[in-house]
Structures are given as C-alpha cells and as structure tokens.
Amino acid sequence: MCLWITIYLAIALALQLAFGNIDDRLFTFPVGAALGVGALAILYVAEKEWGKSRWIKDMRSSKMACLLIALSVFACIIGGCMSANSSFQSSIPFVALLVALMVNLTLAILHRIITRHKKTDWIFIATHVGIWLMLFCGLAGSGDNRSLRAVVSANCDTTSAIDANSHTVSLPYTLRLLNFNIETNASNGSPTQYEATILIDNKPVEIAVNNPHSFNMSDDLYLMNFHRQADGIYCVFMIEHQPWKYPMLTGIVLLLIGAVAGGVKRAKPHISERIKDIDNTISTTRV
Amino acid sequence: MMITWDLFLPFAAVSVILWTAGVAATFCNKDRCSKVALWCTAIGVIIYAVFVGGLWLSLERPPLRTLGETRLWYSLFMVVSGWIVYLRWQYRWIQVFSLIVASVFICINIFKPDIHDQSLMPALQSAWFVPHVTVYIFSYSVFGCAFLLAVSGLWQHTGKYLCSADQLVKIGMAFLTFGMLSGCIWAKQAWGSYWTWDPKEIWAAATWCAYLVYIHRRTSKSSTDSHATYRHARMSYIWLIIGFLLLQMCWYGVNLLPSASSSMHSYS
C-alpha cells in the first residue's frame, strides 16, 4: 500500500516539476462536475462489484485513511512554511493527495451504505459525507469560482469590474454609491466600522463589512475597502461568483453536526476494554 | 471601578494562590475529591473570570483580539480542563501540570502583555467572533491536557492513559471542528470565501488532520487487536504530541513565519 502511494505521489511530483501548478480553469463547469460524477460512478461500481477484493479493501481501509491524512499533515506543514503566493494548494502532489483522500472517503461511505455495515451510524455518515462534500466542492468547483473588484463612487455609474488577471469584465447591472458612513476609534482614528448604501440598477442596498448583499444563489457583493479622494469617497466592492456555495455550506453543516454529536456521544465500552488489552499485552511482554 | 490591564497582577496572583491551594488540598486528601480543593479552585476561577468579564466591559469589546488576550482565556480554560480531567479520571498530577501551564501563560501576560488597545477592526465585528475564538481556545486547553497525558504515557511506558486521551480528543475535536467551521462560515461572510489557504488556515488544517490521524489510529482494527502492543500506544501518543505542537504553530508560531505578513488573520 505504501509503495503504491509512493509511486502515485512520485508521478504527481514529476508532473509538477514538468508542468507546474494546476490551472483550475481546466475544471470549469461542466468539466469539473462531470469528472467528479464520473469518478463517483466508477467507485460505486468498483465497490459494488469488487468490494471484497484486496485492492478495494486496502483503498477504503482506516490504515489508508491514516496514511493519507498523515501525508496531508506533512503537506500542510510544507505549505505553511512556503510563501503565501506559492499557491501550494494548486500544486499537483497536493491535489493528487486530496483526490486519493476523496477516493478513500468515497469507498468508505459507499461500503457502509451498500453493505449496510453493522457499525454504520448517522454520526459516521454525517461527518464523512460532510467532508466529502467539502472536498468535492473545493476540487470540482474550484474552476467555477470568480472574483471581481469594482470601484464605485457617487460621481458616475460603474458598469464594469476587474478580474484576478486584471481583465475588464462588463457587469449586467450598474452600481453607484449613494451614501457612505464610517465610525472611527476616538483614540487612534482607525475605522471600527463602515457601511455603504449603493444603487444597484437604481435600487438602494445597504452593505457593510460582514454584511454582504446576495444577488442570487451564487453571486454576492462585498464591501472591501474605501479611499478618500479630492472629489469624494471611492468604495472598493468585491463580486464573488461561487456556484458551489450552498453544497459547500451543506458539507460544513453536516460535518458540524457530526462532530458535535460525536463529541457528546458516550464512549462504547469496548474502548476501555482495548486499553486493558494493551496493558495486559505490555505486562506480558515485560514478563 | 473599571477593570483594566493594570489590575491583572492582583487578580492573577489571588487566582494562582487559590488554584495552588486547591491542588495542594487534593494531594492532602488521598481518598476522594476534597471540598476545600473544589472551593479554592472554583473561587480562583470566578475571580479570574471576573477580571476577564471586567476587561470585556472596560475595552468595550470581547478581549479576544490579541495574543495576550487569547493567553488570558487559555490560562482560565487550562485550569478548568485540568479540573474536569481530575474529576473524571482522578489523575491528581494533571492539575499540577495544568496549573503550571496556566501560570506560565499568566506570567507571559504580566511580563509581555502585547497590545491591548480598544479598537476592533470592522472584520472582527461579527456574531461569530466570540464563539469562534473561545471555542478554539477551549479546545486548545483540552488538547493541552491530552498532550500532558501523552507525555506521561511515553515517560511511564504505559498505554493506560490512552482511554482518557481518547475522551479528551473526542471532546477537543468537537470544539476544534466547531471553531474551524464557524470560522469558515464567518470567512464567507467577511471575505467572500469559506477557505482561502491563508497561512493560519493551513496550520489549522494541519492541526485538525493530526488529531484526525489519532482518531483513525484509535478506531482502526489494529487498536482493538488483543495483540496490540505498546508500539501502537506510543505512536498514538506521538500523534497527540505532533497535534499539540502544530496547534502551537497555528496559534502563535505562524506569526514568526515570513508568510504571516500577508495573512488575513494578522490582528495583533
């Protein structure tokens, strides 16, 4: 098992050296979603038809989960030591590791559902499906996210925004600043809260930090910053397009429920029995 | 009278004296939990909590922004967690260590209090601020106790602390996960994305995964095997220690890295 994982990650590392980081635009809808659903179908068939084979058993085992999560810890330590603009999360070995984790997770969930495993409980399903959804939305949905910045003032209508590659993008609505309020700290003058009222297609909307405006199921408008110029205030708004927002939130909620329920659930007696076993074995070994 | 940082020393000194008396009383009364010990610790906790509450009022914001302020909560939670572990599993020694850890953090706050200005930046003015940080700090204190058990288990070459560590990790993980996911939801509200692989988030993911490895090791078939040896227990303890070290990195160690300057979590 370790050998296969080593080979798999070595190939990923070689691809990284040859091609560099993954461009997440490759996974723009429907490619990302199709790949995800296709992989899910293949894994379902694999679990259903060859669920008792050694390969599939190894791939869904707790041992495999331990190995992959331990490798994720190692990857995060490396990523944490790298500079912030290195985008380690888009590197091929890290994405390959997450894909392997998803395969392990998918097979473990499918096995519990298909075989109606005696240990299956709703806490297991909630936590694992929650993590699965979060990983799936993060991987398959990464290409669909788009972030735009728009500078809005009271002087004229804003009809375009700038994307991450500094390209100008036309907006399907107009934005104009109507009012801007700022509260400052009396001791040092730093802003403690600011909010803006803007006209979106001539309809007034109030936006503040931590209080974005939602256009629809995938687009939100955020007040990010402001600048004072001689001719007035200029507010910087961020327009976030994230079509996987709600599936991701569902994953978060499921994991949250599972984790909290798991924390308050009483331990099964066999855990303490295990410790007795260990201690007995230790004493036997010492003798 | 307003409670400010100037009053920290007397409040902390009285609390530490009471906690020390409480620990001493538990060692004097070997058979069962001493009422004197319980009262001393409880009054110490209340006095310390009064200071935290008073500081909250005088700052006109929750004292959770700077490292110094999080140390304040950690020392409080560490004593509470140490007591919970003692009451549940009767490990007297864990109180001594939790008291030492709490005292070290109190001393750091006395000698290096960091900044404690009144301003709270706009992004931090959210209903998620208090639950996110306090829950995280509480989980840190629970994992602190698990770390002490792991070190003790390795020192004594025994697997007998694993059962208690399992319980602590289970509780700590519930709080850590709540802290992390509440942070995700808050980040979406404030910055537009649930997860941005910010340096702090990367270390938080590493910490969470380390404890996840521990849980998977402990629930795997090999741990229920009657032939499981001390080697299995030792590796589990090592993962608890790795998790705790990563937690320290996530909490304040990340600030020492060059990447911290670009972190969205730099508030102090």
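Confidence in this predicted model averages a pLDDT of 87 for chain A, where 91% of the residues score at least 70. One stretch of chain A, residues 269–273, has a pLDDT below 50.

Aromatic pairs come next. Over all chains, the structure holds 35 of them. In one pair, the ring centres of Phe94(A) and Trp197(B) are 5.3 Å apart and the planes meet at 90 degrees, so the arrangement is edge-to-face. Phe94(A) belongs to helix 5 of chain A (residues 92–114), while Trp197(B) sits in the loop between helix 6 and helix 7 (199–219) of chain B; the pair therefore joins two chains. The two partners can also be described by their accessibility. Phe94(A) has a relative accessibility of 4% and so counts as buried, whereas Trp197(B), with a relative accessible area of 23%, is partly exposed. The cut-off behind these labels is 20%, because buried means a relative accessible area under that value.

Trp197(B) also pairs with Trp195(B), and this aromatic pair is edge-to-face, with 5.8 Å from centre to centre and 85 degrees between the planes. Trp195(B) has a relative accessibility of 26% and therefore counts as partly exposed. Trp197(B) is thus a ring with a partner in chain A, Phe94(A), and a partner in chain B, Trp195(B).

Elsewhere in chain B, ring pairs link a set of aromatic residues into a cluster. The cluster consists of Trp5(B), Phe8(B), Phe11(B), Trp19(B), Tyr48(B) and Phe51(B).

Ser182(B) lies in helix 6 of chain B, which runs over residues 162–191. With a relative accessibility of 1%, Ser182(B) counts as buried, since the label applies under 20%. Leaving out residues up to four places away in sequence, Ser182(B) touches Trp128(B) and His132(B).

Technical notes. Residues numbered from 1 in each chain as written. Chains lettered and ligands numbered in written order. Predicted model: local features only at pLDDT ≥ 70, side-chain atom pairs only at ≥ 80, totals over all residues. Heavy atoms only, no water. Helix = DSSP H or I, 4+ residues; strand = E, 2+ residues; numbered from the N terminus. Buried < 20%, exposed > 50% of the residue type's maximum accessible area, 1.4 Å probe, protein only. Contact = heavy atoms within 4.5 Å. pLDDT = per-residue confidence, 0-100. Phe/Tyr/Trp six-rings, centres within 6.5 Å; stacked < 30°, edge-to-face > 60°.
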